[in-house]
Every structure is written in C-alpha cells, then in structure tokens.
Amino acid sequence: MGAIDDEAAAWLADNWRPERSLGEWWSALAESGWGFPTWPAGRFGRGLWPEEAARVTALRRRLGALAPPSGIGPNLAGPTLLAHGTGEQIDRFLPGIAHGTDIWCQLFSEPGAGSDLASVRTRAVLDGEQWRITGQKVWTTGAHRARWALLIARTDPDVPKHRGITFLVLAMDQPGVEVRPLREMTGRAVFNEVFLTDAVVPAANVIGAVHDGWRVAMTTLANERNYMGTGASSGGSRVDVPLMDLSMPVGEVLAGAEAEAGRRVPRLRGYPLVQALAVERELTGDPVVRQELARAYGYGELGRMTGVRVQAATKLGRRAGPELSVQKVATSRTLRHLGSLALGLEGPDGMLAGMDAPRGDRAFEVVCTAFVNSIGGGTDEIQRNIIGERVLGLPAEPRLDKDVPFRDQL
Ligand SMILES: Cc1cc2nc3c(=O)[nH]c(=O)nc-3n(C[C@H](O)[C@H](O)[C@H](O)COP(=O)(O)OP(=O)(O)OC[C@H]3O[C@@H](n4cnc5c(N)ncnc54)[C@H](O)[C@@H]3O)c2cc1C
C-alpha cells in the first residue's frame, strides 16, 4: 500500500455511507477526485496513472461502495472533452458528466458507415452562429435517455473523407431529433436509430477545429476501446446503471441493482460463473469440462496481463493509443469462450430466455452479451487491422479512396 492507497482508503472509510443519496455520493466522489482519479486535479480527478486508479477501484469494491457514474459520458465524452475541448466547453459539460446528472450518447455509426466510419454522410451546414444537421445514425446506445450526444458530421464533402468531418456536441431534446428503439436478441431495446432533420448545434459546441473532427473522434474511439477492453460494457455492467433517481439512498440503489442482477443477469460473471455452473451440474470431474474451464481461466488471466502491459505502453504517452486494440481483442475472445462454455454447461435449457427457464436465463444472457465486445467500438477484424498497421508497423490495407474528394465517392 502506498500513500495514494492510504489516502483513498481513508477518504472512502470517511465518506461511504449507504444512507447517503445517490446524488450526494456521486457528487462527493466527483469533488474529491476519487471518482475519476485519472482525470486532472481540479477537473474532478487526481492525475493518477491507470494502474494507480485501478487500485482505488479495488479499494472501493472491497468496501462494497457504489461505483461513480459510468457509460458514454464518463468513459468517452469526459476524456474527449479533456483532450480537445476548450476551457469553456470543459466547464460547461464536465460537471454534469462527473456528477452523473447528464446522460450522453454517441452519434457516430450510420447505415453506410460502421467499420468505415470516415464515410459518414450526415451533413452539418453552417447557418449564421449555428450548424444545421441532417442525416441518420444507427446503433446509438442510450439515445432514448441521453441529454447530450457526441456527433460526427460531414462539413466539407469536397476534400477526402477523413478531412471534412467535424465533431460536435448536440442537445438531444429538440424537434429535429427523432429516436426510434431497436430491439436486441436479449429482448431489451438498449440501442436506437436516430433521425436528424435540421437539428441545431450552436457553433460554440464544435470540439476541436471545424473539418478536423476525425482526430477528435480517434480519441473517443481509443477511450471506447479502453472501456470495452476491460469488459466493463459487457453483460452484468448494469450494477453501474447510469440513470437513476439521484435522491434515492445509495444502499437502495445497490439493493435494486442486486435484485435486478438476480432477475435478469447472472449474479456471478466471468470465470466464477462458469465454475459455479460446472459445480452445480456436477461436471467438475469431466475431463473436457476441466479443459475448457482451464482455458477460460487462462484467457481471463492473459487478458488481465495484456491489460497491464497495454496500460504501461499507453502510459508512456499518457494517452489512449492503438495498443488498446490488443486488450479489446483479448477481452472479445474471453467473453465468447465464456459464452459457449456457459451454454455447454447449461445444455439446451441455456437457450431459454426469462426467469421461467428451468435455471433462469444465466447462460442465455452470457451468450447474447458475448457479441457486444466483438462488434461495438469497432469489430475484432478492425482491431486486428489497427494492431497490424499501427502497433506492428505492417503495410497498410490498400485505400483507393484516400485522396479522392468525398463528393466523388458518393
Ligand atoms: C452493442 C452495440 C452497441 C453499439 N453502440 C453504438 C453507439 O452507441 N454509437 C455508435 O455510433 N455506434 C454503436 N455501435 C455500432 C458499432 O460501432 C458498429 O456496429 C461497428 O463499428 C461495426 O460497424 P457495422 O455494424 O456497420 O459493420 P460493417 O462495418 O458493415 O462490418 C461488417 C463486417 O465486415 C467486417 N469488415 C468491415 N471492414 C473490414 C475491413 N476493412 N477489414 C476486415 N474486415 C472488415 C467487419 O469486421 C464485420 O464483420 C454499437 C454496436 C453494438 C453491437
């Protein structure tokens, strides 16, 4: 234990009380800097390295204290604003993110622009002091609850595709924004289609320079890979549900999340879940099951070690770099293996959804959410391309449209 651990442990012991309201607890975490310790001091953080912050998280978990707000606001919008926003923009948007009062979503993907994100067609046209936005986005997680959106839109179609994009912050609550839910195979509707028709963004909400939004978006994506690479966004993360009644006592929030976890998602996650399933089904003596359990454990440990090395490489430049793709691919493999193992252990019953399934829907949830990490935030194939080109220095894929004005690609 170092000085940081001692200070964090003392603060947590003094401040964590389950009877405090959620709003009070999140504000205390934000104002103390212990909620987002890697953010700069004076900006709701303490300027810690990721591995130091991980020790703070471990201390908080050991105490059973609720996590700070999570999701797209703190994990994507916060770091992007800190890297590219002006002081005024940071002052305006960061408090709502840190205190958990504002929900954010990410308006990046479009029907024709997923892996090839630089092909976005949503247009932003300057009209006096504001931008008018028209286009369609898709797979937008949490758009139905969000107050703010990170948006990329085309502002100059006369230059090659990566150069004519601008990064903006859009208010979701306005007449030009229509959100339509998309139902997933889990039965839930977490993501949406978003139709933008003459939606308005003030000029003061451009992050970075006009037409230079690709650079800003790369920061958002690197942070998304970091977030997803830790497995935080897959299965069971709903204990950190970001939108709640801020006046609720934190203890009740935790109890509610536990009850929800018991109803919809496995209480146990990762290796402990498949281990428990094997014990429950009396299969721990089966050589094939033992082999697969060993593989699941090994993947988990390998993922953790990869994470430590990646964080160390990232630390050199104090930025989220392409190395994060390694961690994301490792996590994808672990989650897919856990999904197929959970299903194998449950047998045919594992394909049933809902609590009226013979043993609940634990395996079903693990199988369905195992894909999230392999697609969201850039698919595994795209991560492998990034690793090949930007980490290993292998020759780049041929890109015939690199120097062609976007208008000529339509
Ligand atoms: C759970 C979830 C949540 C999401 N949330 C959001 C969100 O909040 N906001 C948002 O903007 N987007 C979101 N997305 C969208 C996500 O970013 C895209 O689905 C992803 O980038 C892939 O794009 P696509 O679906 O268009 O697939 P495509 O790009 O059409 O890819 C199809 C297949 O082709 C492969 N492929 C494509 N190009 C290459 C290449 N160059 N080399 C090798 N293989 C290639 C891909 O790997 C994939 O297997 C979410 C997706 C999921 C699954």
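**Chat about the model**

Q: Let's start with helix H5, what covers its buried residues?
A: The cover includes helix H2 (22-32) and helix H4 (72-84), plus strand E1 (104-107), strand E4 (148-154) and strand E5 (165-171). Keep in mind that this is a predicted model.

Q: Which residues of H5 are the buried ones?
A: Phe 93, Leu 94, Ile 97 and Ala 98. Looking down the axis of H5, you find its buried residues within an arc of 130 degrees, so they line one face of the helix.

Q: And what's exposed on the face turned away from that buried side of H5?
A: Glu 88 and Asp 91 are the exposed residues carried there.

Q: How many residues does H5 have, and how far does it reach?
A: H5 runs over residues 87-98, so to speak a 12-residue helix, and reaches 16 Å from first C-alpha to last, close to the 16 Å expected at 1.5 Å a residue. Following H5 there's Gly 100, with a positive phi near 75 degrees.

Q: Zooming out, how many helices and strands does the protein chain have?
A: There are 13 helices and 9 strands. The protein chain has 410 residues, and buried ones make up 42% of them.

Q: What share of the contacts comes from residues 24 or more positions apart?
A: Counting contacts in the protein chain with a separation of 6 or more, 71% are between residues 24 or more positions apart.

Q: Switching to the ligand. Which residues come nearest?
A: Phe 108, Gly 114, Ser 115, Thr 379 and Glu 381, out of 19 residues around the ligand.

Q: How do the shell residues divide into nonpolar, polar and charged?
A: The shell around the ligand has 7 nonpolar residues, 11 polar and 1 charged.

Q: Which elements supply at least two residues of that shell?
A: E1 does, and so do strand E3 (130-141), helix H12 (372-375) and helix H13 (380-391). By domain, the shell draws at least three residues from domain 1 (76-227) and at least three from domain 2 (266-391).

Q: Where does Asp 198 lie?
A: In strand E7, residues 191-202. Asp 198 counts as exposed because it has 12 C-beta neighbours inside 10 Å, and 12 or fewer is the cut-off for that.

Q: What about Glu 282, what is its phi near?
A: Near 55 degrees, again a positive value in a residue other than glycine. Glu 282 lies in the loop between helix H8 (270-280) and helix H9 (287-317).

Q: Is Glu 282 buried or exposed?
A: Exposed, with 8 C-beta neighbours inside 10 Å.

Q: Since H8 came up, which of its residues are buried?
A: In H8 those are Gly 270, Leu 273, Val 274, Leu 277 and Ala 278. They cover an arc of only 135 degrees around the axis, so they sit on the same side of H8. On the face turned away from that buried side, H8 carries the exposed residues Pro 272, Val 279 and Glu 280.

Q: Now Glu 365: buried or exposed?
A: Buried, as 22 other C-beta atoms lie within 10 Å of Glu 365. The residue is in helix H11, residues 362-370.

Q: Last one, Val 56. What is it in contact with, leaving aside neighbours within four places in sequence?
A: Ala 8, Trp 34 and Pro 37. Val 56 lies in helix H3, residues 50-63, and is buried, with 23 other C-beta atoms within 10 Å.

Notes
Residues are numbered from 1 along each chain as its sequence is written. This is a predicted model: local features need pLDDT of at least 70, side-chain atom pairs count only at pLDDT 80 or more; totals for chains, interfaces and linings use all residues. Helices (H or I, at least four residues) and strands (E, at least two) are DSSP runs, numbered from the N terminus. The expected span of a helix is 1.5 Å times one less than its number of residues. A residue is buried if 20 or more other C-beta atoms lie within 10 Å of its own, exposed if 12 or fewer, and partly exposed in between; C-beta atoms are placed from the backbone. The arc is that of the directions from the helix axis to the C-beta atoms. Two residues are in contact if their C-beta atoms, placed from the backbone, lie within 7 Å. A residue is near a molecule or strand if its C-beta atom, placed from the backbone, lies within 6 Å of it. Ala, Val, Leu, Ile, Met, Phe, Trp, Tyr, Cys and Pro count as nonpolar, Asp, Glu, Lys and Arg as charged, and the others, Gly among them, as polar. Domain bounds come from an automatic or database domain assignment.
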